[in-house]
Amino acid sequence: MAAPTRTTDAPFGRMLTAMVTPFTADGAVDYAAVRRLAAYLVDEQRNDGLIVSGTTGESPTTSDEEKERILSAVLETVGDRATVVAGVGTNDTHHSVELAKAAARTGAHGLLVVTPYYNKPPQEGLYRHFATVADSTDLPVMLYDIPGRSGVPIQTTTLIRLAQHERVVAVKDAKGDLFAGSQVMTATDLVYYSGDDVLNLPWLSVGAAGFVSVVGHVVGAHLARMIELYRNGDVAGALAVHRQVAPVVEGIMMSAGGAIMAKAALGMVGMPAGPVRLPLVAETEKQNAELRACLVAGGVKLTDA
């Protein structure tokens, strides 16, 4: 399926959510729920892009076959009106290349490639890894810089070097160094996306195109509005939205975080998400109560009361 219209300053759209993978009660992928969630995120939460099989999608514990079927289900559901980006990054370059090729065959519009984790490669290894994956298909690539999970940052010099690759077009930044990001944006054409909901508005202020969000599962429409307001010059309006959704960011990202709390939040708004797979575990009763209070404080309408 052809990708929706892209622009050079926002090659994957502006408001993207790193989508959870819904599971049934027994831990199988719930493909009907995958489709329903994708439609909800695009049609109700105003996402113009989705990331599938990222960390929030529990990619470490889904099989290659499951990843391909999840991607296919999302493309069939929203691929005509949202950019669908497949997470294909692992700490094994060969495996990442195989995932990239499979995603391309399935029809993905782009690839998200995370820094290899655990084996802590040197910068030359990072460069070769990303370049090899980018060489393996014709799809545009978003690099994912998240040293808190991978153990290794992509250094500024490496990002500038990778920007010379015609298919490396964007960075999802969860490193939190706005100055380093500014240096890369000044020196290259790489497009930045905030990969840390805590810093969404600050990233806009230094030139980011948009967000790859987790809290977008329940406040995506608010974040899309924040981007619109900021780009139209209404900084005060964007700040007001930032402050409105701050409790939601606190509730989802400051506790168990990621997939655990995003799935819990989805359940509270009546959307299917199901359990998480080990080694993740469900939120505690205390975390659940705190999340509920944060969602209410952020103006999210709950349907499970």
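Reader: Which residues does Glu-58 touch, not counting residues up to four places away in sequence?

Author: Contact means heavy atoms within 4.5 Å. With residues up to four places away in sequence left out, Glu-58 touches Thr-21, Phe-23, Ala-259, Lys-263, Pro-275, Val-276, Arg-277 and Leu-280. Two ground rules follow. This is a predicted model, where local features need pLDDT of at least 70, side-chain atom pairs count only at pLDDT 80 or more, and totals for chains, interfaces and linings use all residues. Residues are numbered from 1 along each chain as its sequence is written, and side-chain values use heavy atoms, with hydrogens and water left out.

Reader: Where does Glu-58 lie? Is Glu-58 buried or exposed?

Author: Helices (H or I, at least four residues) and strands (E, at least two) are DSSP runs, numbered from the N terminus. Glu-58 sits in the loop between β2 and α2 (64-78). Buried means under 20% relative accessible area, exposed over 50%, and partly exposed in between (1.4 Å probe, protein chains only). Glu-58 counts as buried because its relative accessibility is 2%.

Reader: Which side chain joins that of Glu-58 in a polar contact?

Author: A polar contact is a pair of N or O atoms within 3.5 Å; within protein, one must be able to donate a hydrogen and the other to accept it, and residues adjacent in sequence count only if both atoms are side-chain atoms. The side chain of Glu-58 makes one of 2.8 Å with the side chain of Lys-263.

Reader: Lys-263 is in α11. How many residues of helix α11 are buried?

Author: Ten of the eleven residues of α11 (residues 258-268) are buried, so the rest of the structure largely encloses this helix. Among the buried ones are Ala-259 and Lys-263. The buried residues pack against α1 (31-43), α9 (216-231), α10 (235-253) and α12 (285-297). Just after α11, Gly-270 takes a positive phi of about 85°.

Reader: What span should the 15 residues of α2 have?

Author: The expected span is 1.5 Å times one less than the number of residues. For α2 that gives 21 Å, and its end C-alpha atoms are 21 Å apart, which agrees. Its buried residues include Lys-67, Ile-70 and Leu-71. They pack against α1, β2, β3 (83-87) and α3 (93-106).

Reader: Now the strands. In what order do the eight strands close into a barrel?

Author: Strands of a sheet pair through backbone hydrogen bonds, either parallel or antiparallel. Two strands pair if DSSP finds at least two bridges between them. Here the order is β1-β2-β3-β4-β5-β6-β7-β8, with parallel pairing. Neighbouring strands of this sheet are turned by 25° against each other on average, direction ignored. Angles run from 0 to 180 degrees between N-to-C directions, and axes are lines fitted to C-alpha atoms, for helices over the stretch in contact.

Reader: Which strands pair with β8?

Author: Strand β1 (residues 15-18) pairs with β8 over three bridges. Met-15 has Phe-211 as its bridge partner. Strand β7 (residues 191-194) pairs with β8 over two bridges, and Ser-194 stands opposite Phe-211.

Reader: Which residues lie on the two sides of β8?

Author: In a regular strand the side chains alternate between the two faces of the sheet. In β8 (residues 210-213), Gly-210 and Val-212 are on one side, Phe-211 and Ser-213 on the other, and all are buried.

Reader: What do β7, helix α8 and β8 make?

Author: A crossover is right-handed if, with the strands pointing away from the viewer, the path from the first strand over the helix to the second runs clockwise. β7, α8 (residues 200-205) and β8 make a right-handed β-α-β unit.

Reader: One more. Which side chain is joined to that of Asp-145 by a polar contact?

Author: Lys-175, at 2.7 Å. Asp-145 belongs to strand β5 (residues 141-145). Asp-145 is buried, with a relative accessible area of 0%. The C-alpha atoms of Asp-145 and Val-171 are separated by 7.1 Å, though the two residues are 26 apart along the chain.
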